[in-house]
Structures are given as C-alpha cells and as structure tokens.
Amino acid sequence: MSSPVEQITVVSSDGDEFKMTVAAAMQSEQLKQMLTDDSISIVKVPVENISTEILVKVIEYCQKHADHEAATKANGGGASDSEAEELNKWDAEFMKVDVEDKLFHILMAANYLEIKGLFDLACQTVADLIKGKTPKQIRKIFNLKNDFTPEEQERLSRQHNCSFD
Amino acid sequence: MAQMRSSQPRALTRMEIDGGSPVLPREVITSILIRLPVKALIRFQCVCKEWKNLFKTSSFIAEHLQHSTHQNPSLIFEDYGIPDPFRVCLLDSEMRVLEVQSDPFFDSKRCVWTINSCNGLICLGIVNVPRSLSLLVWNPATRETRLVSEVVDGCVDRTLHVGFGFSQTVNDYKIVKICDSENDFLVNEVEVYSLNRGTWKEVEFGKLDGVGMISGGFAFNGAIFWVGLKLAVDEDEDDIEIIVSFDIAAEVFTLIPMPPLPSPVISASDRKYLTVYGNKLALLSHTVSEDFKSSLIHLWVMEKGTCASRERWCCTKKYTSSPYLGCRLGYMLVPVTIWRNEVVCNVTEMPSDYLIEDEGEPDDERRIVMFNITTNEFRTLDIRKFILGYGIFNYSESLVPVGNMHVEQLCF
C-alpha cells in the first residue's frame, strides 16, 4: 500500500455507503485482517448480509469502543473503574433496541464481522431476554420444532416438573 | 465467540429470515445458551431434542461452567445446623443473598458439614444416628444428589479429613478420605472414591509418614491440598507445618514446604486456609498485634517450578492488609478465601486464654469482613440475618452431573 489508509468505506446490503475510521474498523477481526493484509487494497468493503439499519449500529459500537481504547492508552494503560463502568452503561443503553429481531441481526452482524465485544454483549443481552421464557416462546423465537413424542413429553414433564407450553 | 476462521472471505449466505427473525446458526445459539442460569437450562430441555442433548454434552457443560465461574462467581455460606437443619445460603456476584433449597435429605437433624465445593458440585459429610458417616455429592443448581457409600467402620470415631476435587486428566471427581487415630493423630489410612468408578479403594500414603492433618481439603488444578503437621523425630526439634498435596489423577501424595510465616502471637488458633489467587495456589494467614487490638491478613502465592533448582515450590508474599481495628477486643479476623479480588474473613472469637478483660455483654460479631486486594479497603457484610455458624466456600453454578447412583432429580 502506498499511503496509510485513514478511513475505509463499507457498503451495506441495501447499497448504502458508510465511512469508518481505521481504528473503528480494527474492532472487527474480519476488517482487521483485510486492513493488515498488504496484498488487498481496500476501496469499498461490501457487507452483503448486513442492512443499513444494522450497519449503522455496528459502526456506532465500533467507533465508541475504538475511542475508549484510544483514551485508555493515552492515560497510560488501565481504564479506571469509573471509566469501565461508564462504558458498560453505554453498552447497556446501546443494546436497548425497540424490536427483538434487531437484536438478532446485530448479533449475527457481530458474528460475521467478528467483533468479539459486541458479540459477547449481544449474546448476553439475548440470554437475559430469554431466560424467563417458556419453552413454547423459545421455540417461536429460535424457530424450533417440538420434536418430542407425546410419551417423551409426558415423561419429561413429570421428571422435570416443567411444561412444554 | 462462535467458531471463527477469520482468514478467508466467507461465503456470504443471506441470513434466512422466517417470519421476521433470523435463523441463528448452532454455534451462535450455543454461545447464548452457555450464558443462561442452570434453572433456565433445565426448563429449556423441553424445547427440543437437540437442546436436551446439547445440555448433556461435556463440552457444553464445561463451557457453561467456565462462563459461570467468570461471570457469576459466588460464595456459599453453610449453617452447621444442630439443632436446626443444615442450611446453605449463596452470595452471588451482584451481592444478592439467596437461600439454596436444600435437599429433603438434610431435613432430618443430622450433623452436616461442607467438605468442599468444586465445579458447581458440593461434597458434604453427614453424621448419622446410629453413628455412621455418609458422604454426599450435591449439585444445588440441578438439585441432583448422590449418596456415596456410608462409612460404617471404626473410622467414624477417628478423625476424618476429607477432600473432594476434580482432575481434568482423568475427567473424574474423587473423594479422598484420610483417617488418623485419635491416639497419635498421625495418618494411618487413606481411601479414595472415584465418581466414575463408583467404588472406594485404598491408596498408598508412605509420604505421609509422621504427618498429621490439620485442615480440611482444598481442591485446585487437579490436586487436593491440606495443611498438615510433620511431627519432629527428635524430642528437641519442632513440629513443622507443611502442605500435603494429593494428585487426583495419579493418586499420589507430595509434601510442600510452607511459606516462611512469622511465629503466631496466638498459637492456639492459627488456622491457615488454602485458596486460589491469580489462578495459582495461595495461602492465607493472619496475625494479631501483641495488644490484640488489630488484625493483619497475609496472602502468600505458591509458585511451582520457578525456583532455580528443579520442580520446587516457592512462596511469594503477595499482600498484607492494613491493620483492621474494627473488632472489639476478643475478636480477630481469620481469612478463609478469596472472592472477586477480596479476601473474605470470618470474625472469630479469640481463644479465651487471650481475653484480657471481661467487656460485658458481647455484641453480635457475626459478620464477614472483606479486604480489597487492590485498594486495601475493607467492608463489612452483616450476615446475621442469614445464618448462625458458617463455613465459606467459593462456588459457581454448573450443570455437572453427579452420576446415577441414588440420584434424585428434582427440577423446576
């Protein structure tokens, strides 16, 4: 590469283009690989299965965390407890999405782009969301079929004192 | 993170959308499920066969345990009972106290005590009437129990030191029963029970010649450790405190020298506790000032093989607390374990010989004091409301099964 790249452009599945700082892009292992590989010259990175709506969120996360890392480094290493807590609060607010599906899309985007922090955060958020639900609700959310036979269902219900509904 | 091979560009499959929600790949679902509390996972066994089978796989159980230990390390407080039934309370990482539902087995008024907690399993000793000893392996989260054969021989009347731990190498949990005779307090019998085999077997203990055990067993990294005393051979020599280590896989004992601790001010009650710090074996000791007004806590970390000569243990003093003045005269702090970067201490009465004067009506000193290792600050935890007498153990909930002997599965 001739000159250092300051920004990269990512293109959503809807065809919209967004600029990302390199620091933000490095939050994604996928993008990091591409940036550090000299044989690839990046102009635009298409992320085919991430819509504009989700991509905007993902970029927002990456930028915030990149900024936090830079600030921490500038302060000479460790983040203070209050700074870490502030970031956690930001993360919690960030994950408050209006629609459940959006959450899964963010999770999948983090998975695809290999953004560990966002992936863990999204997994935890989903876990917290589903832990109180009934098996029936779980099946609906994850698109699963109840493949137990009626006899098996009966046995399980008795054994575990739980319902299949 | 779901299995990621990051180098080559992946086939960009469009996420299947079915009725609005994306279909998540199996690895992603697993990453979500390992974060769920055991209670939820037991309920979700009814979702589908794939999930039911997934929760039984050792890889899922191990990942779940790892996450549970990292995210929600807890403390178990046991109430010795007598005359009340045995009770266990749990203090979780969000400082909530939860009463753990005891197995009906504990409701009869037997003497129950906790031997050790390991990977979400708790090993308990139970003295029955007529006098015999039972050992119970209990997973409080899944509510499974397993009764290990009752000990009916004379060993019950001798002093018993029991340890419970796990070895990755053999993928087995074992209970180690060390008996000594009341006469000379030296070890004279060792038996080991394997949860996989389901049987007891006698074990060689030649290394323990002339050794008596002092503390209960503590498990870490495939071994169980006790504080012991090597009795002096000659009359004019001193007894030496040592650490006894039992390799769970190889079933072999080793002796480890103690750190160079100062002579205690109070020799009668000088209990040391083994624990884990920074993923290494550590020892907690305490001293009391000569005027009995302040307590100090010491933390030693045991490092293996870092000394010049071959495999040897050395200890580095990692931490000394600031003096704790908060106890009334007659009480001292005894550090028992480390939890989330804090040293957890029992407030304990000093042996009566050391009480200077009668201070009138003693106030209720049932509290736990915690020292933060980083900030050196302490805080008090009032546990009076919850329990009367207490053993304290580190605990993380898990799905680890206890096996199928005498299993009583009561699920939610």
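Helix H4 of chain A covers residues 81-94, 14 residues in total, and spans 20 Å from its first C-alpha to its last, close to the 20 Å expected at 1.5 Å a residue. The expected span is 1.5 Å times one less than the number of residues. Helices are DSSP runs of H or I with at least four residues, strands are runs of E with at least two, and both are numbered from the N terminus. This is a predicted model, in which local features need pLDDT of at least 70 and side-chain atom pairs count only at pLDDT 80 or more. Residues are numbered from 1 along each chain as its sequence is written.

- Leu87(A), Asp91(A) and Phe94(A) are the buried residues of H4(A) (under 20% relative accessible area, 1.4 Å probe, protein chains only).
- These residues lie on the same side of H4(A), because they cover an arc of only 60° around the axis (taken from the directions from the helix axis to the C-beta atoms).
- Asp81(A), Ser82(A), Glu86(A) and Lys89(A), on the other side, are exposed (over 50%).
- Helix H3 (52-74) and helix H6 (116-130) of chain A pack against the buried residues (heavy atoms within 4.5 Å).

**Nonpolar cores**
- The largest nonpolar core has 99 residues, and Trp51(B) is one of those with the most contacts inside it (a core joins buried Ala, Val, Leu, Ile, Met, Phe, Trp, Tyr and Cys residues through side-chain atoms within 4.5 Å).
- Helix H5 (residues 100-113) of chain A gives the most to this core, nine residues.
- Among the residues that Trp51(B) touches are Phe142(A) and Phe44(B).

**Asp180(B)**
- Asp180(B) sits in strand S11 (residues 172-180) of chain B and counts as buried at 2% relative accessibility.

Technical notes: Chains are lettered from A and ligands numbered from 1 in the order in which they are written. Side-chain values use heavy atoms; hydrogens and water are left out. Lists of a residue's contacts leave out its neighbours within four places in sequence.
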